[in-house]
Amino acid sequence: MLYNLIASTGSGSTILEWIDIAAQVIELLAVVIIGVAIFYATGRYLLHAVVRPEEGDHYQDLKVRLGKALLLGLEILVAADIVRTVALEATLQSVLVLGLLVLIRTFLSWALVVEIEGRWPWQPAREG
């Protein structure tokens with residue numbers, strides 16, 4: 001619908017190009033967040049494992065940091081997919097592909113929560 005409205009105006013291609021660029025920037029942001037988090041968490045893990053090997057569970061801290069970064073990255077990638085699908089490719093096939101991507105990313109998010117917190121997202125947090 002937005003595509004048809006914009007395409008009927010004279011500057012439609014420019015607006016669609018900007019929307020596509022915005023979706024690409026959002027995707028790039030997600031990749032940068034994941035990449036920076038991987039390097040930061042790995043560097044922190046190596047530093048703490050060498051300097052203070054007896055203090056705390058460094059591997060668990062690494063898993064939590066990486067998991068949270070991946071969760072954030074997945075959420076941002078879903079946002080980019082929504083922008084692209086709703087604004088640029090509002091066809092039945094693209095909406096179905098978006099739905100499949102959201103399902104896959106939701107499952108991955110749940111799996112990460114289970115790995116990080118040891119519980120399903122809908123279960124109450126464990127005390128202690």
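Select threonine 85 to start. Beyond residues up to four places away in sequence, threonine 85 touches Ala90, Ser94, Val95 and Leu98. Threonine 85 sits in helix 3. At 9% relative accessibility, it counts as buried, because the cut-off for buried is under 20%.

Before going on, color by pLDDT. This is a predicted model. The protein averages a pLDDT of 83, and 90% of the residues score at least 70. Among the elements, helix 1 (residues 2-8) has the lowest mean pLDDT, 50. Helix 2 has the highest, 90. Where pLDDT is low, the predicted coordinates should not be read in detail.

**The core**

Select Leu71, Leu74, Leu112, Val113 and Ile116. These 5 residues make up the largest nonpolar core. Helix 3 (58-87) and helix 4 (92-117) each supply at least two of its residues. Helix 4 gives the most, with 3 residues. In soluble globular proteins, nonpolar side chains tend to be buried together.

Stay on isoleucine 116 and show its contacts. Leaving out residues up to four places away in sequence, isoleucine 116 touches Gln60, Lys63, Val64, Gly67, Lys68 and Leu71.

**The salt bridges**

Now show the charged side chains. The count comes to 6 salt bridges. Select glutamate 27 and arginine 84. Their closest N and O atoms are 2.7 Å apart. Glutamate 27 lies in helix 2 and arginine 84 in helix 3, so the pair ties together parts that are 57 residues apart in sequence. Glutamate 27 is partly exposed, at 24% relative accessible area, while arginine 84 counts as buried at 15%.

Next, select aspartate 81 and arginine 105. Their side chains meet in a salt bridge at 2.2 Å, N to O. Aspartate 81 is in helix 3 and arginine 105 in helix 4, so this pair joins parts 24 residues apart in sequence. Both aspartate 81 and arginine 105 are buried.

Then pick aspartate 61 and arginine 44. This salt bridge has its closest N and O atoms 3.4 Å apart. It links distant parts of the chain, with aspartate 61 in helix 3 and arginine 44 in helix 2, 17 residues apart. Aspartate 61 is partly exposed at 29% relative accessible area, and arginine 44 is partly exposed at 25%.

**The surface patch**

Last stop: switch to a surface view. Select Leu28, Val31, Val32, Val36 and Tyr40. They form a nonpolar patch on the surface, with about 490 Å² of accessible area together. Valine 36 is in helix 2 (residues 12-51). Valine 36 is exposed, with a relative accessible area of 52%.

Methods:
Residues are numbered from 1 along each chain as its sequence is written. This is a predicted model: local features need pLDDT of at least 70, side-chain atom pairs count only at pLDDT 80 or more; totals for chains, interfaces and linings use all residues. Side-chain values use heavy atoms; hydrogens and water are left out. A nonpolar core is a set of buried Ala, Val, Leu, Ile, Met, Phe, Trp, Tyr and Cys residues joined through side-chain atoms within 4.5 Å. Buried means under 20% relative accessible area, exposed over 50%, partly exposed in between (1.4 Å probe, protein chains only). Helices (H or I, at least four residues) and strands (E, at least two) are DSSP runs, numbered from the N terminus. Contact means heavy atoms within 4.5 Å. Patches are made of residues with over 30% relative accessible area and no salt bridge: like charges are joined within 9 Å, nonpolar side chains (Val, Leu, Ile, Met, Phe, Trp, Tyr) within 5 Å. Accessible areas come from the Shrake-Rupley method with a 1.4 Å probe; for residues, only the protein chains shown count as cover. A salt bridge is a side-chain nitrogen of Lys or Arg within 4 Å of a carboxyl oxygen of Asp or Glu. pLDDT is the predictor's confidence in each residue, from 0 to 100.
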